[in-house]
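Subject: Structure for you to look through

Hello,

Here is the structure for you to look through. Please open it first, and then read the notes below with it on screen.

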Amino acid sequence: MRKLIMALCFVSASSWAQNYQPENKPHNAWSVIKSPSGSFAESIGSYANGCMTGAVALPPTGEGFVDMRRNRNRFYGQPKLIEFIKQLGRYVNERHGKKLLIGDLSQPMGGRMNFGHSSHQIGLDVDIWMQLILANEQVDPYRDMRTIVDKAGGFVLNGGIPKETRDALYFAATHPDVARVFVNPVVKEYLCSTETDTSWLRLLRAWWGHDEHFHVRLKCDGNSPLCKNQAPPPPGDGCDGSLYNWVQEQSDRVTGRFVPKPKSKKKRKPKVMPEMCYQLLEQQSW
Ligand SMILES: [Zn+2]
């Protein structure tokens, strides 16, 4: 009986959350939450289907970093993500006199976003612009990102990846809390051909886009029993034929030579979030 009641509660909460549209706008509930939940810090669910409690706001600026586009209200993360960004900022400032331009982290309680990302839902993902700027340089936080890749030609612009960007990627990929760093396949291919020790490139994962920013993903931590880690990247540096295929396909896509495979007709099931996320939504006063 108790199970049945729980199941009924779950169904009603989940359908409510899926249908919730404040002021009839095409928002989802997670995108209208203005501030984090005050409870202890915990990631719940997976990077692309979850939520979080106890998030911390990244300050607008700090040593070696400035947060961009704060009007999006996506500057929240688990405490260890905020600490990671501060560490990386200190590192690029001390080593290169530069600062990072920080893109999206997560919404105040994580969850799905209205646009831009499928992941970034549990406070463990951050986008960082490929281009760093001088530590004392003023920046318009609403300016456009700049790519460092010629996708059609399959090469890195301006003769190569700037040293400070390479060092920031190295810092991230060798940090004990980091699970993956997503970069454009051209960025990875460049590093495969220029690094003497390529073992650290294992955590650099090729993905579409990520030519004007890289995306750092931290591992779940021990305080989050409901957080779902991804399987670790396969062994080896990943500097192989499959990487070349990514570069080639990207070039084909932007030059119109790509012939897409016929799409399968299987319907995708709507994602059901972890039950605790629905409970957190129910506790919100709207
Ligand atoms: Zn991202």
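A residue is called buried when its relative accessible area is under 20%, exposed when over 50%, and partly exposed in between (1.4 Å probe, protein chains only). This is a predicted model, in which local features need pLDDT of at least 70 and side-chain atom pairs count only at pLDDT 80 or more, while totals for chains, interfaces and linings use all residues. Residues are numbered from 1 along each chain as its sequence is written, and side-chain values use heavy atoms, with hydrogens and water left out.

Zinc site

The zinc ion has His120 (NE2), Asp127 (OD) and His215 (ND1) as its protein donors, at 2.1 to 2.2 Å. Donors here are N, O and S atoms within 2.8 Å of the metal (3.2 Å for Na, K and Ca); water is not among the atoms, so sites may look incomplete. The spacing of the donor residues in sequence is H-x6-D-x87-H. His120 is buried at 0% relative accessible area, and Asp127 is buried at 6%.

Salt bridges

There are 13 salt bridges in the structure, each being a side-chain nitrogen of Lys or Arg within 4 Å of a carboxyl oxygen of Asp or Glu. Helices (H or I, at least four residues) and strands (E, at least two) are DSSP runs, numbered from the N terminus.

One of the salt bridges joins Asp167 and Arg95, with the closest N and O atoms 3.1 Å apart. Asp167 is in helix α3 (residues 163–173) and Arg95 is in helix α2 (residues 79–96), so this pair ties together parts 72 residues apart in sequence. Asp167 is buried, with a relative accessible area of 0%. Arg95 and Asp167 also belong to a network of salt bridges that links them with Lys163, Arg166 and Glu195.

Arg72 and Asp104 form another salt bridge, at 2.8 Å from N to O. Arg72 sits in the loop between β5 (65–67) and β6 (76–77), and Asp104 in the loop between β7 (98–102) and β8 (125–129), 32 residues apart. Arg72 is partly exposed at 28%, whereas Asp104 is buried at 6%.

Disulfides

How many disulfides does a search of the whole structure find? The search finds three, where a disulfide is a pair of cysteine sulfur atoms within 2.5 Å. With the bonded cysteines of the protein chain numbered in sequence order, the pairing is 1-6, 2-5, 3-4.

Cys51 is joined to Cys277, S to S 2.1 Å. This link is left-handed, with -95 degrees about the S-S bond. Cys51 lies in strand β2 (residues 49–53) and Cys277 in helix α6, 226 residues apart. Cys51 is buried at 0%, and Cys277 is buried at 0%.

Cys277 is among the buried residues of helix α6 (residues 275–282), along with Tyr278, Leu280 and Leu281. Down the axis of α6, the buried residues fall within an arc of 155 degrees, so they line one face of the helix. The arc is that of the directions from the helix axis to the C-beta atoms.

Cys192 and Cys239 form a disulfide with sulfur atoms 2.0 Å apart. Cys192 is buried at 17%, while Cys239 is partly exposed at 29%.

Cys220 and Cys227 are joined as well, S to S 2.0 Å. Their torsion about the S-S bond is about -75 degrees, so this disulfide is left-handed. Both cysteines, Cys220 and Cys227, are buried.

Regards
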